[in-house]
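Trainee: Please show me how to read the features of a protein chain, starting with its overall form.

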Amino acid sequence: SRLKEITKTTPKCLVKAGDKTLLEHTLESLGRASVDSALLNVFYLAGNVKEFLAGHTCGGIEIHLSEEKSLLGTGGGIQNAEAFFADAESFFIHNSDVFSDIPLSEMLCFHENSRALATLAVINRPTKRPLLFTEDGLLAGWQSAETCSSEHVGESAGFSALAFCGIQIVSREIFDFMRDETPPFSIIRAYMNAVRAGRRIVAFRADDSYWIDAGTPERLAELREHIAASLGQSSLHTKVS
């Protein structure tokens, strides 16, 4: 609905930015972090996605589909995919309308070294739905200016309000904190269940990275300009060298 006419006949993940779809950009980024298989949640115009995948190799990543008959929410969609991650110690979750140059390999190393239940890429920027972190970078809560609601664990003094980037690495134990949840529900609910149980959800600061949510016509246009400029700079650099 946010992209209006642009997604009337095209699902958001297949909208193009440059000569590639948002899905291809995402898979290429994940591939550089040594991801070799992925599960793609589909709902709106799922047939278009299936047709696209039938004709594209997607950088060698093996793609599986999880087709939602009704929207399950960011948490319910993951809960529904538990069997797919049965043998995974941890896995990436990446929104399909997000484009960034956040170093995912570095983020993965950070996650493994932190021994956290989950690692969330965050940026210090204005947002109506910030996540709240302690001075040590631990998730403590969230706020929503849209609904005038909030939730936090511990004293709110000293919390940093940071914008979530829609990119996260989650250890498989996250499913333990979804057992009592019924879709649709947000992944943040599972995170708060974990925080209240004493588990660590940590921030991966990506303030120096390029990041954009291409979910509106204006931001999609901005992303397309960014990619065009990047390609132009790359071409110029090649000619000079």
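Mentor: The radius of gyration is taken over C-alpha atoms, and the globule rule is 2.2 Å times the number of residues to the power 0.38. With 241 residues, a compact globule would come near 18 Å; this chain has 18 Å, so the two agree. The model is predicted: local features need pLDDT of at least 70 and side-chain atom pairs count only at pLDDT 80 or more, while totals for chains, interfaces and linings use all residues. Residues are numbered from 1 along each chain as its sequence is written, and side-chain values use heavy atoms, with hydrogens and water left out.

Trainee: How many helices and strands are in the chain?

Mentor: Helices (H or I, at least four residues) and strands (E, at least two) are DSSP runs, numbered from the N terminus. Here the chain has six helices and 13 strands.

Trainee: What percentage of the residues is buried?

Mentor: Buried means under 20% relative accessible area, with a 1.4 Å probe and protein chains only. In this chain, 44% of the 241 residues are buried.

Trainee: How many residues of helix α5 are buried?

Mentor: Helix α5 covers residues 187-196, and eight of its 10 residues are buried. Among them are I187, Y191 and V195.

Trainee: Which residue caps the N-terminal end of α5?

Mentor: S186 does, with a side-chain oxygen 3.0 Å from the backbone nitrogen of I188. Just after α5, G198 has a positive phi of about 90°.

Notes. Buried means under 20% relative accessible area, exposed over 50%, partly exposed in between (1.4 Å probe, protein chains only). A polar contact is a pair of N or O atoms within 3.5 Å; within protein, one must be able to donate a hydrogen and the other to accept it, and residues adjacent in sequence count only if both atoms are side-chain atoms.
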